[in-house]
Amino acid sequence: MKAGFVAAWAIARKDLQTEMRTRESINASSSFSLVILVLFSFAFDLEREAWLAISGGLLWMVYAFAGALIVNRSFAREIPNDCLDVLIASPAPPWALFLGKSVSAFVLLVIVELISLPVFGLFYRIDWWQHFGSVMGVLALATWGISVVGVAFSAVTVNIRLRELMLPVLLYPVLIPLLLGAMGSTTTLFGGNPDLTNITAALKLLIGFDIIYTALGVGLVEFILVS
Amino acid sequence: MRDKVILTLGVLGTLLMAWNLNTISNLPNDALQGYIFRIIFIHVPAAITAQVFYTVALGCCIMFLLRKNFFWDSLAVASIEVGTMLVLVNLVTGSIWGRNQWGVWWAWDLRMTSQLMCFLLYLGYLLLRPAIAEPTQRATMSSIVGIFAYADIPLVDMAIRMPGVRTQHPQPVLETGTLAPIYRGPFGIGIIVLLLIGTALILLRLNQEHAKREIDSLRRQLHAA
Amino acid sequence: MDALAVDGVWKYFGDYPALRAVTVKVPEGACLALLGRNGAGKTTLLRILANLSRPTQGHITMFGAPAKGDSFRSKIGYLGHGIGVYDDLSALENLLLFGRLHRIADPEAAANRALDRVGLLRVKDGLAREFSRGMRQRLAVARAFQHNPKVLLLDEPFTSLDDKAIAVLQQLLAEARSEGATIIMSTHQLREAMELASHVALLERGKIVHFGPRVEEMITDPTWLYRTYGEQGQ
């Protein structure tokens, strides 16, 4: 068991090391978020109150798009030189591969999210630093959910022709409950005086989602990778 | 043998449906809704039958991963296709009813939203299949996606019912809790009709999958020679 | 005890049998040259042995124990068609990663040792992307041999190696054999294979049509095997 976690950490570290050297995912994803933020500001011409009312929804739409780019790379980066084969042939258990990649996807996505957040606050005049702890809590829970489902589907689509198209088509419907929870609670938190009962329901949903899909990913990844 | 079963189910289902339609058309109009209330006899059974078939598909996905027998994969795709078709029926009939009663074709009410989510989840499954050429890979990946999709259904229901998340959702008006006694008969038969016809279609699809696999393998053997 | 015992292994892709009733027992310390035309099933068989793919039917055991699981994979070294190294990591970082995955006690020392054996120690901090093709091949070999595997699974290892890399690989294989490792190697390079091989197996359309010790005729005329045991007139 412990060796599995050591392996998971080695893989997460490897992903982050290579990413920090090339920065391909982070750069592309952050730039894309920026573009989407600008596009949305042109799409609607609203008063500040109106922006506040849709703030959570807007932010998590941007994060969902950025997330798809990040998780798409997750297993795709193992294709050159057949690295995926040697990872599977190593003693690392498949669940360790899955967890390691989920962790690295999580870290990368959080970085992109934290870069996008001040820009979002700037363009839409949202005071995102209010209830910062709670906002970060929601961010962490929802981002983990995106990471585990995204990494699982990244593994499913790694070898198919239309990977970049199929991954979002599979990913977004599954993420809808998670995004609803994140959007609703984030809007409430940005509003300033959050009604705790609303947040509680959303948090329960996020935690439930995370647990279910982490368990499914860990349990099923072996079938995805070895057939 | 299987063809006989398909024929029997199909004929039985169709006859029962004709009889049921007759019963339904003879029912008195609803006080509030008028003629259109009759849509409930196909709208709700379609949703229920779809869920039955989706549950069957879940079992098949799990069985394929455990046993690797392609029968389970064929049954899974057949069940999901028929189930998704029924969800589409549910969505269309619901939309028609909504237009008649509320004046809008789509109102984002809780039930319809939930069904739309189901449709999207399994649409992904159906779109994934043609994208994978190799049969074992296709079956394995489909099974995984099928399990992920089914697990989402309760989460979707939970999400759209969250307090304060959406204020625009009308409560499901067709969900009245108790059905008047004279409606229960046609309602129950409506479900049975769809189960019969749905099963017949699934078995037909199963035959088709079997034939397709045979052709596939013959083709490979021909090329390898 | 046999290092590797393959018993009645079938592999279907859909309804197409890529491997048919493959049964072969590889004695410990042997070097098995797995021969066959393209599409015969060599890569499929090696991938199954490396746990990358599951047999549809049949069993495989290694030293009597089932050939799957973390413990099994820690004893094998796999060198497939792709070299299996990360372009954006240095040679040392690559080996450290796999050292950690293979639970080597002192990964740093093992990595340096492996790099030294393949002649890459002086460029250990260079990114794999910057290496020449031959150097990348040698790095791949270092990766496969680093943890002193008991069974080596090599899929066409000599293909597109330069002469320096071939020499390094032959040296490492000889050393591994002298330390008691078992080698299963698929190849088209009959000459190099026959020099090293102690046993030979010929796969044709998924079936083993010959398995036995290497004989003199195979060294002097490498195509003898195909002509003798393979399909006539092809």
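Reader: Is Lys101(A) buried or exposed?
Author: This is a predicted model, where local features need pLDDT of at least 70, side-chain atom pairs count only at pLDDT 80 or more, and totals for chains, interfaces and linings use all residues. Side-chain values use heavy atoms, without hydrogens or water; residues are numbered from 1 along each chain as its sequence is written, and chains are lettered from A and ligands numbered from 1 in the order written. Buried means under 20% relative accessible area, exposed over 50%, partly exposed in between (1.4 Å probe, protein chains only). Lys101(A) comes out at 0% relative accessibility, so the label is buried.

Reader: Which residue forms a salt bridge with Lys101(A)?
Author: A salt bridge here is a side-chain nitrogen of Lys or Arg within 4 Å of a carboxyl oxygen of Asp or Glu. For Lys101(A), the closest N and O atoms of the pair are 2.7 Å apart. The partner, also buried at 0% relative accessible area, is Glu78(A).

Reader: How far apart in sequence are the parts that Glu78(A) and Lys101(A) tie together?
Author: Helices (H or I, at least four residues) and strands (E, at least two) are DSSP runs, numbered from the N terminus. Lys101(A) is in helix α5 (residues 94-124) of chain A, and Glu78(A) is in the loop between α3 (48-76) and α4 (83-89), so the distance along the sequence is 23 residues.

Reader: What about Glu204(C) and Arg37(C): which one counts as partly exposed?
Author: Their side chains meet in a salt bridge, 3.5 Å from N to O. Glu204(C) is buried at 11%. At 38% relative accessibility, the partly exposed one is Arg37(C).
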